[in-house]
Structures are given as C-alpha cells and as structure tokens.
Amino acid sequence: MAESAQEAPVVLPSVLSVKELAETLERPVPDVMSALIKNGVMATINQDIDFETASIIASDLGIAVEAAPDEEKQETATTVKPTEGKPRPPIVTVLGHVDHGKTSLLDAIRQTDVVAKESGGITQHIGAYQVEAKPAKGKPQLVTFLDTPGHEAFTAMRAHGTKMTDVAILVVAADDGVKPQTVEAIDHIKEAGVPFLVAVTKMDSEGADVNKVKQELAERKVIAEDWGGDVVFAQTSAKKGEGIPELLELVLLISDLAEPKGDPDGDLSGVVIESRLSRAKGAVATILVQQGTLKVGDYLVLEDVTGRVRLMEDWHGKRVTEATPGTPVQVAGLSGVPSYGSAVIGAKDEKDAKAKSELNRRQQHAKRLNKPKLSVEAIKRAVDAGKVKRLPIVLMADVKGSLDAIENSLSKLSQDEVAISLVHTGVGTVSENDVRTAESAGAMIVSFRARVEPTAAALAKQLGVQVSNYDVIYELLDDVTVALETLLSPEIIVNEVGKGEVLAIFRTTKKNQIIGCKVTSGKFVAGSEYRIGDSKESGTVKKLQKVDETVEEVASGTECGLTIDGPQAEVGQKVTLFRTITKPRKLKPVTGGK
Ligand code: GDP
C-alpha cells in the first residue's frame, strides 16, 4: 500500500536553488514554489534555500530526503570545540552602558602591557590586544582582550554562530548604576552562557556607591558573592589606575574555571574580529585563532571571502609568521573585506578555498532568506488579516525621477487579490534607518541605483532584511511581479480520469476498502483521487488490480479491483476517478505597457 514511502530517500546538499530542488525532487517548479510560500518562504527560482527548508518542502510534497554526508561535515568544520587541546589565553569582552568607562578601562588594562612600555608604547589597534596577568599564585598568564564594543561582539556571535569570548566583564559606573544598556548586556551574557564578572568603574568619582550598584544588579538577578550570590565584583578607577591588577586576577580566576583550550595542531579555525580596507595592504582582517596554527602562506576561507596570508602582524605591529589559539593577528592577502564575526577556516589551495567560500556564500544567503523575521511573516499576517495579500516594500532610488517612475509602475501591478504596499520610499542612499523601517514592517528593500551604506548592509544582513539592488527598471518590475505572482493562490484544475460502477465489496477495514468495479468510461489509473456518487468527499485509489495482478491502468469496459483510502462505497454506486493539478497563476497583464 505505502509503496512510495519505502523508496530510498532523496539526497539533498546543504544548499540548493529552488530550481535545483525541483529538478532533484522531479517536481514542477511551481509546485515547489507554492509549497515554499505555504511555509512562508518567498524565493525566486534561482534563489538558494538551505537543507532544512528543502526538507520541509520535500515532506510537504510527500518525498523523503536526507542530507548529503560530506556536506554535513563541511558545515561543522566552522564550529569549534573550545575544550579540546592545550590551554590557551582566555578571550575577554567588556560590555556595559555607554559612558560607563569601557574604553577607559580597556586603555588602563592595555597600559599594564610590558612589551608596549619597553618598545615605547607603539601599539596598533587591531580589535584586540594581549596583556600578561599575574595571578597571586602561579605563573603569569596571557589574556586577550577584545577592544571592539562588547554588544557588537555578542550580536555578531549570534549572527554567525561563532564564539569569540570566554569571559565577559560587565561594566557598571559606580556613580550611575544600572542603565538600559546594562540590562541589555546582562541579557546578551546570559543568553550566550558566558561566565562573567562585574567591574564597578569610576570608583574615584564623587557619587560612587557600590552598594547601590549591587542592589540594582541584584534586582536583575546578578547577585554579588558577599550578598549570597555567585558573581564576583571588582572595583576600579581607570582615572587613577586603581583596581586593575585585582580585576585581571579575577579574570584569571573565572577563565581558569572555563579552561579555554585550543589545539595548535588541529584544523585551523578562527573568527574575524576586525576588518577594513587599508591603503597600504589592501583588505586586512584581524583573526582571532581558535584552533590550529595560522601561518604565513596559508589559504583561508573567511565565509564569503578567500585569501592567502601574505603578511601577518601582532597588535604591537610586529611581523609574525605564526599564530596559535587565543592569539589575535592582523592578516593581509584577502580577496575582500570579510564581515565582523565571520568564521575562518583553512583550505588546501586556492581552488579549495573558492569552492568552500562559494558554498558558504550560498549557505549564508539561504539562511538569511529563511530567517523567520523576513518579510514573509508580515506577508502571512497580512494574508491572515484580509483578502488582499500584500507585499510590503521599502523602495529607494538614486533620484526623484526614477523613484516616481517606479512608484507609478508598481502601483499598476497591484490587483484585487494581491497588492504592493509601499511602506516607505526615499531618494539617496539606503541607510540603517531604512533597514529598521523595513524590518519592523516585515518588508524587503528594493533599491534602484541607490547606494547601500555599508553599515546598513551589515544591519540588513544581521536582521535578515532582504535588500535587492537593480539598475534596470524592467528587471526590478519583473522581479516584483514574480514575487506578487507567488502570492496568488494557485488555480486548482480537476481533470476527470474515468468513471465506473461498484460491482462488489471484497473487504472493508478501518482504513481501506477493497472493491470490485467495472470501468464504464475513460480509464482507471492507480494513484488517482476518487469520489463516490455525487459526494464532494474524496479519497485516493491506493492500488489497482486486474484479476490478481497489480496494474497501473485499467481500460474502459474492464472489471478490476480497487483498494481505496477514503469514503466508502456500496454496491451499485458510481465511482469517478480524477486528478487535481495546481497551476500557478499569472498577474493580469498591465495595460499601458512599461
Ligand atoms: P565608554 O563609553 O563606556 O567607553 O566610556 P569611556 O571610557 O569613554 O568613559 C566615559 C567618560 O567617563 C569619560 O568622560 C571618561 O573620562 C570618564 N571616566 C572613565 N573612567 C573613569 C574613572 O575611572 N573615573 C572617572 N572619574 N571618570 C572616568
């Protein structure tokens, strides 16, 4: 009966385009598209989707699938096991409310660096630095501090699924107490499950009140040890340079419990903690090595960017040839500027690097597309709310003239059933504000020759807002048309296959009935749907038999046996076999042309 369910599962890669999925599943593209829309994913034919989405679509279409094995491995190559290998310097992030003294504290800690002092204090800001901390007992230990804002680090870790910190320092100013970003920082830390301590800063200031800080933190379930909790507190004054060695000692205490490790002989993995375009060196990135040893000459994959390490420098600006786990180094020799938080892995050669980065690019893109926050959610809400399905769009153009022209054309695309809702329009560049507007409305951004500010692009990536750029108007209109068409509910066509009459009932079980019929017109085909008499209820013909042989088809005038799953029949009733086809619909043509 359930013959098809026993077929071997179809093997799917970790990422593939809608078209490739349809081909692999041997289903028409429109069927796959409507299954995607049903699941809230808006994708065009060439857009990539990830395995997770593809498998949901496949199961909707009644096809069993499984992930290709080696691809699975490649995906996990970017995830690090921080507890394997040799002890490495802990990585520390400082976060807290603005103006509570994060930068001053990081500067004060940096000043304890011996090398910098000896070499005359020349340091370069590469997003992280290292200092030697001296515990009360035992040998001095290296500690790596990220000097980029902690909030960003946590957001990037979440976006990229990377880990870049072992210990967090929650900074709270002694004279100001818990403020909104303090609360946000606590949420970040707790969500990521990172061990942390509190540094009460500005202890020298007039209104300093440690007890008030402890009280306010206790209200947020951050309870000091001397208040019966398990959070250690340090008290510092960056201005007077006080409390820094004690703070470092507490950092070591906490990191010793976390036991950060990294295997210098393992496969290379790291994370990008800073990147920019340098006039002298081209694209550079600071990589925090987590596993393996990064060497000059290594081939790298930094998500969608590739590279071969041409030059490597530590935070003193000193050239180095190797970097072991826990060490930040700036590398040159990259194909582009990787985004903050990108996972870094090694590659055999240039070809391997390119292939891996291409796969990463597609995977990331697919993931972004499938983020539930996308426009899709809003579209669904709109669909649930009313009859008209709306496609929310933020439209940006380079000049007013193009904006007016496109707006006018778009307004013509809207029809009774589906419509475009222009959430916001603007001229000039696409800014972070535009991205936020789009996100809150669940809209996608359509930009015509409007430059996307790099910060806006990064935010869009992070929030999962789709930004599409065009420089040809009709391509823009075509894509929006396709998007609108995918919102139209497909047309359902019923094709009659054949008719017959019930001659006998052989067996009736709870699930199935086996009946004998004579085909009176058309033919009977296994797998068709059926109705009994005039009833609207339908079921499926599971199996068709001629005498004792299972067959696919039975011609008119022939007697046959049917195993039916659905409404039951009685002798003498008429049976109609049919097939339904769902056909995607096209928008009604726009009058007046483009
Ligand atoms: P951030 O925004 O958290 O990085 O804070 P900053 O480090 O930029 O410091 C904000 C302000 O607080 C600046 O005006 C600093 O001079 C001041 N500040 C920082 N640390 C101390 C401190 O230990 N004592 C006093 N009195 N002021 C401080």
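## The ligand and its shell

In the shell around the ligand, two residues are nonpolar, six are polar and five are charged, where Ala, Val, Leu, Ile, Met, Phe, Trp, Tyr, Cys and Pro count as nonpolar, Asp, Glu, Lys and Arg as charged, and the others, Gly among them, as polar. This is a predicted model, in which local features need pLDDT of at least 70 and side-chain atom pairs count only at pLDDT 80 or more, while totals for chains, interfaces and linings use all residues. Residues are numbered from 1 along each chain as its sequence is written, and side-chain values use heavy atoms, with hydrogens and water left out.

The ligand is surrounded by 13 residues, of which the closest are Asp 99, Lys 102, Thr 103, Ser 104 and Asp 204; a residue counts as near when one of its heavy atoms lies within 4 Å of the molecule.

| Residue | Part of the residue | Distance to a ligand oxygen |
|---|---|---|
| Gly 101 | backbone N or O atom | 3.0 Å |
| Lys 202 | side-chain N or O atom | 2.9 Å |
| Lys 239 | polar backbone atom | 3.2 Å |

Taken alone, the ligand exposes 580 Å², and the protein buries 70% of that, with areas from the Shrake-Rupley method and a 1.4 Å probe.

## Cysteines and confidence

The model has zero disulfides, a disulfide being a pair of cysteine sulfur atoms within 2.5 Å. For Cys 517, the nearest cysteine sulfur is that of Cys 560, 5.8 Å away. Cys 517 is buried at 1% relative accessibility, and Cys 560 is buried at 7%, where buried means under 20% relative accessible area.

The protein chain has a mean pLDDT of 84, with 89% of its residues at 70 or more; pLDDT is the predictor's confidence in each residue, from 0 to 100. Over residues 71-80 the pLDDT is below 50, and it stays under 50 over residues 370-383. Where pLDDT is low, predicted coordinates should not be read in detail.

Methods. Contact means heavy atoms within 4.5 Å. Buried means under 20% relative accessible area, exposed over 50%, partly exposed in between (1.4 Å probe, protein chains only). A polar contact is a pair of N or O atoms within 3.5 Å; within protein, one must be able to donate a hydrogen and the other to accept it, and residues adjacent in sequence count only if both atoms are side-chain atoms.
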